[in-house]
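Student: I have a structure open and some questions about it. Can we go through them one at a time?

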Amino acid sequence: MSELTGYRRENGRWGVRNHVLVLPARAGANVAAAGIAAGAAGAVAVRHEWVGHPDDPDAALVRRTLAGFACNPNVAAVLVVGVGPADAALTAEIAARGQRVEFLTLAEHRGSAGTIAAGQGLISSLLTTAAVAVREPMPISELVVGLECGGSDALSGITANPALGIASDRLVAEGATTMLSEVPELVGAERILAARAVSAEVGERMVRVVEDFEREVEALGIDIRGAQPTPGNIEGGLTTIEEKSLGAAKKAGNAPLTGVIDFAAQPGPHGLYVMDTPGHDIEQMVGLVAGGCQIVAFTTGRGTPTGSPIAPCLKISTNSRIFARMAGDIDLDAGRIVDGSVTLAEMGEEIYDGIVAACAGEPTASERRGNSEFAIRRAGQHHG
Amino acid sequence: MKAPRGYGRGGAAVGVRNHLLVLPSVVCSTHVAGQIAAAADGVGVVHQHGCLQVGDDLRHSERLLTGVATNPNVGAVLVVSLGCETLRGAGLAKRIGERGQIVELVGIQADGGTAAALEHGREAAARMSAELLRREPAEFAREELTVGLDLPGSGAEAKAIEAAFDAAGIATIQPPAGIEGPEAHVELAAAGAVIVVSRPPAEEAPMGFAVAPVIAVGHRSELHEAIAEDFDVSPAAGEEPGALAQRVLEATLAGAAGELTAAESRGSREFVLRRLAVTM
């Protein structure tokens, strides 16, 4: 079994990857950001749809998401590409959190082409910063692991999710942090989680985030059952959101619930947390990574190749058929629990080992494939 | 002024570009779609939607994706689906086909994973792309153009631009009230605009669009003057609205005749889908 290793950052946090991120502050800088990263081996750019109207009610949420993502310790340094001086605010927020960041704008460099040219010098200096970082043994207490499922089926709650729960319990027992998410997929399981809360306050918050979500959806005149379970879930044998939720919550094992936090917020001291995210696989993964998860363990029944631009995503199939069929897209097969070739406890250990090995540098399937999806959570109030 | 050169798509519609659109039905298939598009010189759309949407929001997204895929600038469409998404790829491809568009479907889960979907998609895209290359553009009357106008808060200049197109016999369409910028480009293309005239607010940068060329018109603002090379038309000091409108018309006709816009030259192909509700 591999030893956990990582990169110790100047702000005391630990990364398990060593990326240089080129981040457009607004969609108008997407092309320049992509152009800078394209010319620099080792740099990764994201693109997004945030146009950046200053009066957009989601502005604070989006800025927190982008800043959190840029400050994930898997990122050694960040180049923010802005449109104009107003985008310095995002850069300042990133710098205030102790991240190495450089900033340039289209306005200073006569547009996209000039910005791409000017970005070359900055990016090579940031790549040099990253290149001097060395891997060293990392304390497990510094690890934050996201617990996600996408494309669930009827086996999710029986195989992969409880096995991931066993891995989560061991991580928490050893002093690491794990983070469950997707509030819409905890509808019906909120009281089970609340009963394990470390305090009455945390338990109340757990129930409240689910109730708030249900109320919000009701106010929009939407029936959540139109989206949950998804058509793919239903084809996979799931019948109701409650059934899906009870299976989804199994990813969190049996550890006490230490806290419930906002989207893209940082967890407190070690333990099991719930982050208030949507069920959308990419929005929630961006939220988890923005909240500091260095790795995401991701169970799937239908088979989804999703990954993050800056964090390894360890894929675990709920059934052996999809594992074989989507060869190269999925890392581990928890479907073997069904035919008895592996026990739930053994699968839990396999997932724990897989998380440690991936953190120690072994590329996951999504990294080998180059999957690097990105999406920004909107609160939905925009355009009235 | 140059005559538009384009591609008849049957009926009255004429496209000024001849794109193979590689359209993911969901964010999860954008990576595969992008690789397929790059291999076949197609236009790969990157968007962040298609899952856990409900009601009007889901229908609105489906309508826009269908509309964009059947824009006359698109000669053929390859829909790339994951398989378990809410905005189902198979249904999207079916609706696109029902509107007379050439369409094929690649499904990551149906094909058996990323590698198989890439192989299937590259084969289909190469075949569709070769077919599109055989179509020769022909000159057509400017009266057959439909131009989308995204001119928020432009006042007299917007009126002058509209009047210039009107005088030239060119039909213009507007986005829904309150919708501007890249979200408006999607709405306009879905409504049939084959070229878009867009004027971003003084503090925002211009953006291109995946499916229709965008003629970017600047303001006399500090930012727009600083990044003038990202615009197609920048107003001169003291320029009369009528004179500016005339230059916008000329730039639009040049774009319609096949000249690359500033956004096309720098590879700006944004796709910003307006959402009506929060993702579940």
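Student: Is A:Lys315 buried or exposed, and which side chain of opposite charge is nearest?
Tutor: In this predicted model, A:Lys315 is buried and has no salt bridge. The nearest side chain of opposite charge is A:Asp331, 6.1 Å away. A salt bridge needs the nitrogen within 4 Å of a carboxyl oxygen.

Student: What does the side chain of A:Lys315 reach, then?
Tutor: The backbone oxygen of A:Thr304, at 3.0 Å.

Student: Where does A:Lys315 lie, and what is it in contact with?
Tutor: A:Lys315 lies in strand 13 of chain A, residues 313-317. Leaving aside neighbours within four places in sequence, its contacts include A:Phe298, A:Pro305, A:Asp329, A:Asp331 and A:Ser366.

Student: Switching to the largest nonpolar core. Which residues touch the most other members?
Tutor: That core has 90 residues, and A:Leu143, A:Met206, A:Leu257, A:Ile351, A:Ile355 and B:Met280 touch the most other members.

Student: What does A:Leu143 touch?
Tutor: Not counting residues up to four places away in sequence, A:Leu143 touches residues including A:Leu4, A:Val16, A:Met138, A:Ile295 and A:Ile355. Another core, of 32 residues, lies apart from the largest one; A:Val46 and A:Leu90 are among its members.

Student: Now helix 9 of chain B. How many residues, and what span?
Tutor: Helix 9 of chain B has 16 residues, 241-256, and reaches 22 Å from first C-alpha to last, close to the 22 Å expected.

Student: What covers its buried residues?
Tutor: The buried residues of helix 9 include B:Leu244, B:Val248 and B:Leu253. The cover includes strand 1, strand 8, helix 6, strand 10 and strand 11 of chain B.

Student: And what follows helix 9 of chain B?
Tutor: B:Gly258, with a positive phi near 110 degrees.

Notes:
Residues numbered from 1 in each chain as written. Chains lettered and ligands numbered in written order. Predicted model: local features only at pLDDT ≥ 70, side-chain atom pairs only at ≥ 80, totals over all residues. Heavy atoms only, no water. Core = buried A, V, L, I, M, F, W, Y, C linked by side-chain atoms within 4.5 Å. Buried < 20%, exposed > 50% of the residue type's maximum accessible area, 1.4 Å probe, protein only. Contact = heavy atoms within 4.5 Å. Helix = DSSP H or I, 4+ residues; strand = E, 2+ residues; numbered from the N terminus. Expected span 1.5 Å × (residues − 1). Lys, Arg positive; Asp, Glu negative; His and termini not counted. Polar contact = N/O pair within 3.5 Å; in protein donor to acceptor, adjacent residues only side chain to side chain.
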